[in-house]
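User: I am new to reading protein models. Can we go through one by question and answer?

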Amino acid sequence: MATPTVARCWRCQDEHRPQVFCPACEALQPLPPDIDYFTLFGLARHPRLDEQALAQTYYELSRQLHPDLHQTGTAQEREASLQNTALVNRAYRTLRDPVQRGRYWLALNGEPLGKENNKVPPALALFVFEVQEKLAAVREARPAETEGTQDALAGLRAEMTQVRDDLDDRMRDLQHRLAANFSKWGQADGSSALLSELKRVLSEMAYLRTLTRDVEKALSIL
Amino acid sequence: MEHIVGIDLGTTNSLIAYVDDAGPQVVADSGTGQKTLPSIVSFLPNERVVVGREAGELARTQPLSTIRSVKRFMGLGMGHISPADRKRYRFVDDQEDSASLVRFAIHDRQVTPPEVSAVILRALRERATAALQAEVRKVVITVPAYFNDSQRQATKDAGKLAGLEVIRLLNEPTAAALAYGLHTKEEGLIAVYDFGGGTFDVSILRLHTGIFEVLSTNGNTRLGGDDIDQCIAERFLLAELTEALRNDPQVLNNALRAAEKAKQVLSEQEETVLNLTLPEKGIQISRSLSRQEMEAAVEEIVARTLEPCRQALKDAGLETHDIEEVVLVGGSTRMPLVRQRVGEFFGRTPLTDIDPDEVVALGAAVQADTLSGRRRDMLLLDVVPLSLGIETMGGVMSHLIERNTTIPASVKEMFTTAVDDQTAVAVHVLQGERELVQDCRSLARFSIPIEPKPAGVPRVEVTFMIDANGILNVSATDLRTGRERSLEVKPSYGLTDEEVERLLEESIDFAEEDIEQRLLIEARTEADTVLHATDKALSQNASFLQEGEEEQIAQVVQKVREACAGEDYDLIRDLTEELSQVTTPFAQRIMDSSIQAALGEKQLSDL
């Protein structure tokens with residue numbers, strides 16, 4: 001994903017580095033649609049970032065670009081404002097969430113997380129098997145239709161709560177591993193090891209997220 | 001400068017507001033002084049239409065041709081109509097297509113919900129035109145945050161049918177936050193709990209140096225004060241009647257009004273009397289009802305608002321104790337039970353400083369001010385309330401844009417063909433959170449035209465863009481040729497562009513009546529101004545009157561007043577002109593004397 005280096009103003013034809021307003025005539029510019037998100041936010045291309053600075057920049061960009069503030073502009077400016085804001089919103093949503101940022105980082109490095117992500121990560125196999133069994137037990141108990149078996153349901157609820165706490169612990173652990181991985185990028189040691197570790201962590205997180213959703217659904221009907 | 005006004009198109013009441021140097025303010029009706037316009041429209045057999053309180057009176061005797069709470073029907077298909085609604089109105093039932101758009105059958109006409117809403121919008125526009133003494137064309141209209149794409153589109157259509165340019169649809173809780181933000185300049189995390197006549201919304205916002213960032217929103221577009229009225233009417237009035245009477249639209253309508261009135265009284269008092277008297281139907285019910293009894297009956301309805309609150313907090317990644325302020329909006333929040341439950345849920349006393357009926361319209365006016373370019377210190381970052389996706393194989397919905405994504409939001413999706421020489425790819429757009437297509441709302445269908453090529457060769461990129469109104473726009477580009485491909489999007493539960501055009505043409509008759517109406521309003525406003533000035537001059541400067549002059553002026557004043565009670569605007573204008581003329585010498589004398597006085601003072605101060 002290369003970021004273009006030169007843009008031409010739609011109004012005054014000035015050529016400049018891609019930016020929000022033309023340095024010559026101040027007209028709002030359509031941003032290159034394939035600009036990378038880090039560059040868009042004026043950040044170094046690195047997966048570890050300062051989240052507060054990110055939010056601050058997001059607010060500043062919104063104040064410059066948002067369609068509400070260009071309502072009285074020309075059709076071209078209104079369109080540029082709409083497209084740019086949609087792009088900034090998408091970039092912010094991606095960068096502020098470490099998991100999405102990690103996946104984006106992989107794609108940016110030509111190593112998108114592919115279909116392998118749908119398989120159960122080996123490290124989780126046993127745990128996933130146990131949780132699926134418990135989820136099946138909840139489905140069989142048919143809590144919506146059962147009356148008078150409160151004790152059995154209470155037992156299931158306790159087990160499910162335990163599972164959710166387990167999931168939370170594992171998720172926290174993975175978040176630490178993800179942050180640690182992010183901070184190592186750009187250092188001298190082998191980036192292929194970093195790459196495979198990042199893929200592993202993100203796959204596990206994606207899997208646990210789906211599992212957490214199923215467990216919460218089960219808890220809500222118990 | 002052209003005025004952009006804000007409109008709260010509510011289930012029960014509608015309001016119009018604008019911002020001037022004194023800040024945002026709601027426009028009152030020049031005749032009655034009322035700020036709220038009841039959202040009731042009555043269609044008379046002679047093709048005339050009545051709106052507001054007068055229509056409310058007609059509802060007692062003509063329940064089937066008088067539409068209340070039309071907002072509940074916006075953007076719906078016949079399949080969404082509840083049995084209770086079927087008892088109250090007559091609909092055009094299309095046997096062949098149960099998914100067709102709701103149409104009321106009134107006299108021998110078919111009327112769609114956007115047309116009914118357009119009548120309300122026109123009446124509001126007249127009000128603003130009279131108050132601003134200027135043409136009003138551009139508007140911001142508020143919608144429940146949880147309105148889906150079809151409901152939003154229907155609201156936009158209503159605006160178009162009323163001859164208005166809807167430059168923004170604004171979410172109601174966000175509008176309320178805007179009004180409060182302006183009021184108190186708060187920073188921090190706030191929850192807006194908006195329980196209106198027909199809809200419930202909750203939004204969680206972060207306020208940050210003039211930026212109103214919506215973190216999450218949730219709600220129920222079919223839950224409101226109407227349900228509370230229905231519950232009270234069924235429990236305490238209709239239960240005593242025979243099946244036939246219970247299903248009689250007139251009985252039902254009167255029972256609902258009695259229930260609504262009792263509910264309102266019980267917000268102030270501990271006890272009231274519930275009356276339902278229809279001698280022609282042999283009904284004479286009068287019973288006492290305590291607040292406690294009513295609360296026990298409606299508790300479950302109020303409780304149903306708390307689950308969306310929980311979900312919104314969860315989506316924002318927050319706990320109740322993170323919320324620093326809770327704002328109450330909507331008429332239903334007048335109920336002590338609602339205030340109590342909301343207070344308990346969030347663990348703090350909710351804010352009610354601004355009239356819950358007016359706060360949304362005031363916020364809409366503030367946003368209109370920003371959109372007109374007059375104000376740049378506030379910015380709303382709102383979200384889409386429901387996930388947007390497309391149907392994939394096996395009847396499964398594939399999400400493209402997740403709920404609570406900040407708008408405008410866009411996503412690109414690549415389409416190709418499955419068989420050789422396929423000339424089109426069908427796309428079905430959905431909105432909702434469930435996995436299966438059948439559990440989501442169908443928004444629209446379109447077909448991408450494709451040049452015949454071997455399977456998998458064509459590559460067409462479709463951009464789904466949710467604009468700042470929360471409305472979906474789609475466009476397609478053929479990646480091989482780089483050409484834009486035009487798409488014909490057919491809304492599942494909406495008027496097509498052609499239908500809107502046709503309805504607009506049909507409403508030209510209406511428009512002519514509207515011009516008459518506007519001329520009348522303008523003439524009356526002008527007369528009022530002159531009458532007021534005359535009264536003031538007579539009471540303050542009577543010493544400048546000459547012999548017989550007072551009687552002469554009084555005669556013309558009387559004639560103007562009589563003309564204003566009628567509808568002949570030419571007569572009102574002529575008489576107003578006459579009044580100006582007879583009072584001119586008198587006014588001249590007053591002016592001369594004040595000039596002399598002013599000169600006198602100046603000379604004194606010069607010394």
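User: Where in chain B is B:Asn404 placed?
Analyst: This is a predicted model, in which local features need pLDDT of at least 70, side-chain atom pairs count only at pLDDT 80 or more, and totals for chains, interfaces and linings use all residues. Residues are numbered from 1 along each chain as its sequence is written, while chains are lettered from A and ligands numbered from 1 in the order in which they are written. Strands (E, at least two residues) and helices (H or I, at least four) are DSSP runs, numbered from the N terminus. B:Asn404 sits in the loop between β20 and β21.

User: Is B:Asn404 buried or exposed?
Analyst: Count the other C-beta atoms within 10 Å of its own, with C-beta atoms placed from the backbone: 20 or more means buried, 12 or fewer exposed, and in between partly exposed. B:Asn404 has 20, so the residue is buried.

User: What is phi of B:Asn404?
Analyst: Most residues other than glycine have a negative phi. B:Asn404 has a positive value, near 65°.

User: Which residue is joined to B:Pro408 by a cis peptide bond?
Analyst: B:Pro408 lies in the loop between β20 (396-401) and β21 (409-415) of chain B. Omega of the cis bond is about -5°, and the partner is B:Ile407.

User: Is B:Thr209 buried or exposed?
Analyst: B:Thr209 is in the loop between β13 (200-208) and β14 (211-220) of chain B. Its phi is positive too, near 35°. Within 10 Å there are 10 other C-beta atoms, so B:Thr209 is exposed.

User: What is the radius of gyration of chain B?
Analyst: The radius is taken over C-alpha atoms, and the globule rule is 2.2 Å times the number of residues to the power 0.38. For 607 residues, a compact globule would have a value near 25 Å. Chain B agrees with that, at 28 Å.

User: How many helices and strands are there in chain B?
Analyst: The C-alpha atoms of chain B fill a box of roughly 100 × 65 × 55 Å along the principal axes. Of its 607 residues, 44% count as buried. Chain B has 16 helices and 27 strands.

User: Which element gives the most to the side of chain A that touches chain B?
Analyst: Residues are in contact if their C-beta atoms, placed from the backbone, lie within 7 Å. The contact takes 15 residues from chain A and 18 residues from chain B. On the chain A side, α2 (51-65) and α3 (75-96) each supply at least two residues. With six residues, the element that gives the most is α3(A).

Conventions
Contact = placed C-beta atoms within 7 Å.
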